[in-house]
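Hello,

Here is the structure we spoke about.

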Amino acid sequence: MKLTLKIWRQAGPGKAGKMETYPIDGISPDMSFLEMLDVLNNKLVTEGQEPVAFDHDCREGICGACSLYINGEAHGPDRGVTTCQLHMRKFKDGDTIYIEPWRAKAFPVIKDLVVDRGAFDRIMAAGGFVSVNTSGNTLDANSIPIPKDDADKAFDAATCIGCGACVASCKNSSAMLFVSAKVSQLALLPQGRVEAQRRVLNMVEQMDKEGFGNCTNTGACEVECPKGISLENIARMNREYIKAGLLSES
Amino acid sequence: MSKLNARIPEGPIDKKWTNHKNNIRLVNPANKRLIDVIVVGTGLAGGSAAASLAEMGYNVKAFCFQDSPRRAHSIAAQGGINAAKNYQNDGDSVYRLFYDTVKGGDYRSREANVYRLAEVSANIIDQCVAQGVPFAREYGGLLDNRSFGGVQVSRTFYAKGQTGQQLLLGAYSAMSRQIGLGRIKMYNRHEMLELVVVNGKARGIIARDLVTGEIERHSAHAVVIASGGYGNVFFLSTNAMGSNATASWKVHKKGALFANPCFTQIHPTCIPVSGDHQSKLTLMSESLRNDGRIWVPAKKEDAEAIRAGKLKPTQIPEEDRDYYLERRYPAFGNLVPRDVASRAAKERCDAGYGVNATGEAVYLDFASAIERYGREKANVEGIQNPSLEKIKELGKKVVEAKYGNLFQMYEKIVDQNPYETPMMIYPAVHYTMGGVWVDYNLMTTIPGCYAIGEANFSDHGANRLGASALMQGLADGYFVLPYTIGDYLADDIRTGAIPTDLPEFDEAEKAVVEQLQKFIANKGSKPVDYFHKKLGKIMWNEVGMARNESGLKKAIQEIRELRDEFHKEVMVPGELNGFNQELEKAWRVADFLELGELMALDALSRTESCGGHFREESQTEEGEAVRNDAEFTFVSAWEFTGDPGKAILHKEELVYENIELKTRSYK
Amino acid sequence: MGFFTSSIGRKIVMSLTGLFLITFLIVHLGVNLLTLVSAELFNEASHFMATNPLIQAMQYVLALGFVLHISQGIILQIRNKQARPQNYAMNKPATNSSWSSRSMILTGLLILLFLILHLKDYFWVMKFGEMPAGQTDYDLVTGLFQNKLYTLIYVASFILLGFHLDHGFQSAFQSAGVNHRKYTPMIRKIGRVYSLLMALGFSLIALYFSFAN
């Protein structure tokens, strides 16, 4: 396959960037999208040019590192996949492909296609946990039965890989799907229920501080989420937040 | 031999850990605040260790090269985590888990460590549930289990095909809590490039900020290496692209012995290589072997026709299929341990029965499982005399519920529907049992330097059983290291903060900067990947699933030549000060090029076959591995001398007091 | 405590005021439809609305509802714009979301313009202005539709309102935390029927009087 790539190049944080054009040839339809970029980069290096920087690690759709906005969609045109699982057979010979970084104030560009998603870590540190210390003396794992349905819903929410596609696809750059997935997972389980109020208030406060936009329920995040995290989680977080806001004593 | 004191506590095996904990020295809470600990790596081992140490009151500095601790490659583990809970009432016990793990490891692991692992395994499940890890449950609300290769009980806890992810996120959330409290200082996008040793003790690291390129000095009273395994020596593996051996290797070069480097695990069920462009291999969970049957055509001409695209697997009648695992190992069938299954696949493909274009693939077939489940389901639904079509339809639904995400993943990569046509699989490098040598306290031969998780060598012997890596990572991080490290740190309560302007820091930093500058200044002609791929080919061909003396000698020679060429010809564009992924790769590959040689050297010196290490010179007439207990019941621990090819071998004799050494048989 | 200034708090304000305005529109349409029945009935209803103390009190609540809904909407829009300082060179939002959901600010602002026009022509005249001698509320309402351009503006605005409501209706429930695997599809359907009824109902009246004479 022969392709024309239009790629965002930016030398560093806060620097000006622009879209650059790179023709590329000899791409096999069986390659993954990132393997196609490997080919480009090795070509650039051999020519003495700087390769395109992009985040990637596991290349099997679970670490959440890869984060490319491809032809106007987070993780490209395929559904239920991350960029690393996208294969070139989804494109046609002769196509022009736009490749851009996630765009959000809360995700500043570090270089080229690499963005800083530290905001997600800070939201997690604000409350995305159960406050239980490591000890050999916790309750036996089977001492609290959990309805299978709740456990399954908690699991579905917990499959979030923190890639940020929700923020990238949302026209408001809202992080509600990410935050709600964690709030939901822990609110659905009796172990997390104990501090559910504190958690939702703190995590939302941090989310707002980071400069994400507000959810307007367009549902784009759910469609583009590689793990299919449901909008139900956002509603659940809203519920939790209303409850906590009304009941909290401070 | 003074270098190798494993410090195994006295007493009967089931009392060792308890006694040890009772007698070990502690650091009181007020003093813990005066002590800094560096943890390199934030996977299951590093993440859980960092969280636990911070909870106890130590000042923790945690480092990961990824943009967030949540991305460590533990996240990709699919199948599950073992624990001796015996919830299924099938006779499981701590002893049985201990026994299975030692046997599965082909009697090359340390009894006391493995017993402790089995002992704390149950606590891990309790701890994770308390953290909100959503394990799979049954309708009664209790935890579900599945079975895994090499054992005869159901002791594996799981969360669909994403168990590693869920456990890692549990550890990450525990870390997040401590980060929020300020007890862990997190250094994302930082890579450890050197260990700093002061007066014989590990006192800090040199790290590079991968965003700014700045070289930083970090001091601490102890350094914990939790940076995972070195499977990426092979270039193609199931490891993440960034997984590297640098932390372990630098520690080794500073004096820590490296144990059993040749023990690598080749996982039998991975998606086969499709071409030269391939950057990594994707695992298909071992749990698939519970229901899938592995076969190749029984007739060579059929295999040839398939490779040429003239025949489809579904057209081959039952009698012309060779279910070689069921044929060779009737007792365990498709559920033999990984090393056995991998070698059997290689044997068939080498004999010319491989099935994809490259001839390096076998089938993993769900047709009979679909039919079996379909019939069961039809029974449940009360359908009389269901048609074969109806049965298949019902069966597919059951299989989808169990393995849907894996089947979908396969289809995305290979573009074939595994419900209709059998999956193609082939073994791929997955895990490294070898690693930095540690004593019972998980301390390396450098005082104050610890290694945990896949980075150490301790628990899996020559082969790891499925669902045991997660168990070991969390056991080390949550339940072992946090206790044992106190024994060492008790001496440091009056030391005070370690200054970073010591000459040892100067030297270490200088060496790092010089090497980095060399890479940038080296106007070579070939990208890093070129060398990494070449190294991978050498390793896979000569130090892979089957090894022999001449091949290993050849490999050593070739690696040495490649290493020289690399340092002359590598091209690293960009700058030192700034985000530079090629520079990161160059640094890592330089270490792989040294480690690879040590692996070959280790494989050469161990002339027996055991676990994942198969020496062609040591096999039965039927091709089964032959262990040599009389000469090789020891851990090979290598000391660095300045040249990886001239490493000195130290032996830790393995003493089996509770398990009788037997030929491992799965027939 | 910042509850109402948080991102979710603001959404809840949008949701509750939206639901309130949705209810108001039902009443409004109900009264307007009386024009199609008879002039007397409509005038009576109009008189009742203008004099009943409870309704009078509700007027202030309604005004507050509008102000809150509009001001929050604008504030949210500004904040949302700020959250993405650099846009994509290539973006295909239509692949993952509906036009109506993405265009709430656009439809909302156009409806606001319409609302101003509407208040000036009717509400202001009825409440504070001098009704020309012998003219009833009915005459005022129906009279303006003699102007075809006026009718066109009205109908266009109601179509925009329909789109606004189609997303707004279900969105209000989602923001308030109501999402249920069984009931949400139903809420979406009800929302669609409701917005169609509103757009068609109001348009019908305008078109009827525009073409009736």
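To begin with chain B: a network of salt bridges links B:Asp106, B:Arg108, B:Asp339, B:Arg343, B:Arg606, B:Glu608, B:Arg627, B:Asp629 and B:Arg664. A salt bridge here is a side-chain nitrogen of Lys or Arg within 4 Å of a carboxyl oxygen of Asp or Glu.

The model is predicted, so local features need pLDDT of at least 70 and side-chain atom pairs count only at pLDDT 80 or more, while totals for chains, interfaces and linings use all residues. Residues are numbered from 1 along each chain as its sequence is written, chains are lettered from A and ligands numbered from 1 in the order in which they are written, and side-chain values use heavy atoms, with hydrogens and water left out.

Salt bridges

B:Asp106 sits in the loop between α4 (94-104) and α5 (111-131) of chain B, and B:Arg627 in the loop between α17 (581-605) and α18 (629-632), so the pair ties together parts that are 521 residues apart in sequence. (Helices are DSSP runs of H or I, at least four residues, and strands are runs of E, at least two, numbered from the N terminus.) Both B:Asp106 and B:Arg627 are buried; buried means under 20% relative accessible area, exposed over 50%, and partly exposed in between, with a 1.4 Å probe and protein chains only.

Also in chain B, B:Asp439 and B:Arg7 form a salt bridge, with the closest N and O atoms 3.3 Å apart. B:Asp439 is in the loop between β16 (435-436) and β17 (449-451), and B:Arg7 in the segment before α1 (13-23), so this pair joins parts 432 residues apart in sequence. B:Asp439 is buried at 1% relative accessibility, whereas B:Arg7 is partly exposed at 45%.

In chain A, the side chains of A:Arg117 and A:Asp55 meet at 3.6 Å, N to O, in a salt bridge. The pair ties together parts that are 62 residues apart in sequence. A:Arg117 is buried at 2% relative accessibility, and A:Asp55 is buried at 8%.

Over all chains, the count is 82 salt bridges.

Regards
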